[in-house]
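I opened this notebook to keep track of what I looked up, entry by entry.

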Amino acid sequence: MWAAEIVSGRPAWRHTASGVVFREVPGGTFWMGLSDAELAAVRGINERGEFEDDPDPFFEAAAQWRPAREVRVEPFLIAHHPLTVEQVRHWLPAYEDDYADTDTTAARVEDDLDELLAALPFRLPSEAEWEYAARAGTTTLTFRGDARPGEEQLLDDFGDEQRTAAAENPFGLAGIGSATELCADTWFPDYAQAPADARPRTGDGPRTVRGGAADLYPWQGCDEWVLLLSASRYEEGDFTAIRPVAAVPVRGGAGRAGAAHRPLARSPRP
């Protein structure tokens with residue numbers, strides 16, 4: 001089911017049936033959510049006149065990214081990048097994508113979402129797992145620091161191996177924040193009473209999504225860069241990309257580990 005190999009100079013696990021590459025994320029603890037220091041960094045961006053639009057909507061939405069809290073995360077596998085159109089067709093051979101320019105572009109799944117989630121032998125990341133993987137040990141607005149991110153940080157097509165490798169974060173993940181990625185959690189408007197571990201929060205209603213800055217490309221000057229921030233979070237919209245996660249294979253028994261994976265399931269909608 002799994003083959004250990006080196007991808008872009010880093011250890012990886014390849015799902016042998018589909019060819020999808022996963023990185024192993026070590027367990028640990030981190031501060032999840034927009035911290036006071038990060039909020040101050042955004043205020044600095046505003047004071048330097050680097051917001052293109054009215055900053056008030058950002059600061060209002062930022063209340064939904066708080067309060068920051070320490071979260072414990074167990075080791076897991078997460079896909080190197082969101083599933084591409086070509087990769088989705090491994091499970092849905094007739095899949096067509098109106099949003100993709102090439103088969104190596106991140107798939108934006110809409111009408112086929114439920115069918116894809118049922119077919120995948122993986123699961124969705126929880127919000128905590130996604131943010132932990134996106135931060136990759138950093139405590140800044142993005143893994144690149146506290147500067148205002150620009151369009152040069154977007155990566156939506158993964159056909160160029162060198163460009164993909166150059167865009168990786170410290171955990172070896174590419175395209176973080178570019179596509180709108182679906183999480184396992186139901187949408188809650190803040191982190192009040194959220195668990196201190198990486199379990200997803202469940203309930204009725206839409207799911208939570210992360211990222212999405214490339215979904216609005218070319219940028220229209222509406223501060224789309226905020227979608228690249230590690231802490232940014234929103235309600236699920238019309239279409240989403242999928243960056244699946246899985247359990248870490250057992251060393252020496254990788255072929256057996258995949259049997260424990262369960263298909264993705266969706267929460268009932270209101």
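My entries on this model follow.

**Ground rules**

I am working with a predicted model, in which local features need pLDDT of at least 70 and side-chain atom pairs count only at pLDDT 80 or more, while totals for chains, interfaces and linings use all residues. I number residues from 1 along each chain as its sequence is written, and side-chain values use heavy atoms, with hydrogens and water left out.

**Entry 1: the sheet**

I began with the strands, taking helices (H or I, at least four residues) and strands (E, at least two) as DSSP runs numbered from the N terminus, and counting two strands as paired if DSSP finds at least two bridges between them. Strand β1 (residues 2-7) runs antiparallel to strand β2 (residues 10-15), and six bridges join them. I looked up the partner of Ile 6 and found Pro 11 in β2. The hairpin of β1 and β2 has two residues between the strands, and Ser 8 there takes a positive phi near 55 degrees.

Next I followed β2 to strand β3 (residues 21-25), where the two run antiparallel and two bridges join them. Arg 14 has Val 21 in β3 as its bridge partner. Five residues lie between the strands in this hairpin, and Gly 19 takes a positive phi near 85 degrees.

In what order do the strands of the open sheet stand? I read β1-β2-β3-β6-β10 for the five strands, with antiparallel pairing. Since β1 and β10 (245-246) stand at the edges with a single partner strand each, one side of each is left without a neighbour in the sheet.

Helix α5 (residues 127-135) lies across β3, β6 (76-79) and β10, and runs at about 75 degrees to β6.

In the loop between α5 and α6 (161-166) I found Thr 138, whose side chain reaches the backbone oxygen of Arg 135 at 2.6 Å. For accessibility I call a residue buried under 20% relative accessible area, exposed over 50%, and partly exposed in between (1.4 Å probe, protein chains only). Thr 138 counts as buried because its relative accessibility is 19%.

**Entry 2: salt bridges**

I counted a salt bridge wherever a side-chain nitrogen of Lys or Arg lies within 4 Å of a carboxyl oxygen of Asp or Glu, and the structure holds 19 of these salt bridges. One of them joins the side chains of Arg 23 and Glu 168 at 2.9 Å, N to O. The pair links distant parts of the chain, as Arg 23 belongs to strand β3 and Glu 168 to the loop between α6 and β7 (181-186), 145 residues apart. Are the two ends buried or exposed? Arg 23 is buried at 1% relative accessible area, and Glu 168 is buried at 9%.

I went on to Glu 127 and Arg 210, which form a salt bridge with their closest N and O atoms 3.0 Å apart. Glu 127 lies in helix α5 and Arg 210 in strand β8 (residues 207-210), so this pair ties together parts that are 83 residues apart in sequence. Glu 127 is buried at 1% relative accessibility, and Arg 210 is buried at 0%. Both are in a network of salt bridges that also links Glu 38, Glu 131, Arg 135 and Arg 233.

I also noted the salt bridge between the side chains of Arg 199 and Asp 197 (2.9 Å, N to O), where Arg 199 counts as exposed at 55% but Asp 197 as buried at 17%.

**Entry 3: aromatic rings**

Rings of Phe, Tyr and Trp (its six-membered ring) pair if their centres lie within 6.5 Å, with planes under 30 degrees apart counted as stacked, over 60 as edge-to-face and the rest as tilted. I found 13 aromatic pairs in the structure. The pair of Phe 51 and Trp 225 is edge-to-face, because the ring centres are 5.1 Å apart and the planes stand at 65 degrees. Phe 51 lies in the loop between α1 (36-47) and α2 (56-61) and Trp 225 in the loop between β8 and β9 (234-235), so the pair ties together parts 174 residues apart in sequence. Phe 51 is buried at 11% relative accessible area, and Trp 225 is buried at 0%.

Note on methods: Contact means heavy atoms within 4.5 Å. Axes are lines fitted to C-alpha atoms, for helices over the stretch in contact, and angles run from 0 to 180 degrees between N-to-C directions. A polar contact is a pair of N or O atoms within 3.5 Å; within protein, one must be able to donate a hydrogen and the other to accept it, and residues adjacent in sequence count only if both atoms are side-chain atoms.
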